[in-house]
Amino acid sequence: MGPTQKPNVCRQLSRRALGFFSRDAGVVQRTNLGILRALVCQESTKFKNVWTTHSKSPIAYERGRIYFDNYRCCVSSIASEPRKLYEMPKCSKSEKIEDALLWECPVGEILPNPSDYKSSLIALTAHNWLFRISATTGKVLEKIYLASYCKFRYLSWDTPQEVIAVKSAQNKGTVLARQAGIQQPVLLYLAVFHVLPFSLIGILEINKKIFGNVTDATLSHGILIVMYSSGLVRLYSFQAITEQFMQQKLDLGCACRWGGTAGTVGEAPFGIPCNIKITDTPPLLFEVSSLENAFQIGGHPWHYIITPNKKKQKGVFHICALKDNSLNENLPTVTASGRVVKKNFNLLDDDPEQETFKIVDYEDELDLLSVVAVTQIDAEGKAHLDFHCNEYGTLLKSIPLVESWDVTYSHEVYFDRDLVLHIEQKPSRVFSCYVYQMVCDPGEEETTNRSCEKE
């Protein structure tokens, strides 16, 4: 069975105008995205590099917004030229934002303040403050002081748009302690919060006396994932750990006495005490061995993805059933270069001598697989972004990137509806951002590329 016939955009627009889908918002949205997919993939559609910018600090992208200067400056990527949405006041190095997540309003929930229905940036600063910032104005809406006993550095979603995990840097101990062979028992801390309004679940310590010679840990979908240098990955229930080992329930903004010190939870200088301390090995849910601890879990029924724990298998991923660890023959084996092999049939393949796949991603709204392929010509590389049908692997569209591609640099490429964005990190911490926008008129004249500089 081959690909289905292309949708007629004019017919779909006419049916929408006549109200065929007015009673079902989901149908309207899917129809709109189907129209957009047809426009993106048609032969006459081009993607033009409309502007380019450079910065001496990292550049980040989230849903139509480009962030500069450690999230202090926000620029819209939707306009045909850079349009600044806001710029927060300058701050010291110790107050800079180190990591951030974009929070968007949940559906069907009653929120306490009108401002809560608009997108927010959840930001972690270098001096251990957690901020909720308006994504449109840059105004600080909420703030929490975390702690002084460790350095928090990373933000991630435990449950997307609902629960966040704030991870500390690993505790290496002092130089003198390391020279004396004294190891710190606590590797790191995980602070876990419900978002909007912020409410504390607890702060958990990862202790080597309990978990052994652990090298890292993280939280995802209510599962504590603990990793070891051997490649071993172990999973535990965070809820079970909380119920068994929480020493005291703490509420933000409430008075607290802890270890002989009194203060307000979440306010400086008291912060938030570590109130979840595991004193015995918790029940093990699951364990598996994977090269470099590469492990992902999800799907229905539950499956996990690993790399076989052998160096020669690097770049190969197996999809296994969680219930019995069996390799699912009906699901593809994926390689890091972008090869997807299903029933011994190559849907996507590259030729390392001519071009290689560098980035493979899935655009869920348009159901397209995007692949960055790079061709090395002498010392210079040229890249193009290809769109493939996710169901059949058919090449639907190829977009050349005008800038050269150095394979030794770090690259990120985002395809977001009618936008393509390429962020590049060059040596000496020089960052570049190239913005491409969809143009449907083949007769449109070439426009001069706009550029701006960011310090």
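Author: Start with one term: buried means under 20% relative accessible area, exposed means over 50%, and partly exposed is in between (1.4 Å probe, protein chains only). Arg-417 has a relative accessible area of 30%, so Arg-417 is partly exposed. The model is predicted: local features need pLDDT of at least 70, side-chain atom pairs count only at pLDDT 80 or more, and totals for chains, interfaces and linings use all residues. Residues are numbered from 1 along each chain as its sequence is written, and side-chain values use heavy atoms, with hydrogens and water left out.

Reader: What makes the contact of Arg-417 with Glu-365 a salt bridge?

Author: A salt bridge needs a side-chain nitrogen of Lys or Arg within 4 Å of a carboxyl oxygen of Asp or Glu. In the pair Arg-417 and Glu-365, the closest N and O atoms are 2.7 Å apart. That makes the pair a salt bridge. Arg-417 sits in the loop between β30 (410-416) and β31 (419-426), and Glu-365 in the loop between β26 (355-363) and β27 (368-377), so the pair ties together parts 52 residues apart in sequence. Glu-365 has a relative accessible area of 28%, so Glu-365 is partly exposed.

Reader: How many salt bridges does the rule give?

Author: The count comes to 12. Another of them joins Asp-216 and Lys-167, with the closest N and O atoms 3.0 Å apart. Asp-216 lies in strand β14 (residues 214-220) and Lys-167 in strand β11 (residues 163-168), so this pair links parts 49 residues apart in sequence.

Reader: Is Lys-167 buried or exposed?

Author: Lys-167 has a relative accessible area of 15%, so Lys-167 is buried. Asp-216 stands at 23% relative accessibility and counts as partly exposed.

Reader: Which residues are linked in a network of salt bridges?

Author: Asp-69, Arg-72, Lys-84 and Glu-87 are. Within it, the side chains of Arg-72 and Asp-69 meet at 2.6 Å, N to O. Arg-72 is buried, because its relative accessible area is 12%. Asp-69, at 23%, counts as partly exposed.

Reader: How many helices and strands does the chain have?

Author: Five helices and 33 strands. Helices (H or I, at least four residues) and strands (E, at least two) are DSSP runs, numbered from the N terminus. Of the 455 residues in the chain, 42% are buried.

Reader: What makes β7 and β8 a pair?

Author: Two strands pair if DSSP finds at least two bridges between them. Five bridges join β7 (residues 120-125) to β8 (residues 129-134), and the two run antiparallel. One example: Ser-120 has Ser-134 in β8 as its bridge partner.

Reader: Why are β6 and β9 said to stand at the edges?

Author: The open sheet has four strands in the order β6-β7-β8-β9, with antiparallel pairing. β6 (97-103) and β9 (140-145) each have a single partner strand, so one side of each is left without a neighbour in the sheet.

Reader: Where does UniProt place the feature "transmembrane region"?

Author: The unreviewed entry places it at residues 186-206 and 218-236. Such annotations may be inferred rather than shown by experiment. In the model, residues 186-206 are 0% helix and 81% strand, with end C-alpha atoms 6 Å apart. Residues 218-236 are 0% helix and 74% strand, with end C-alpha atoms 11 Å apart.
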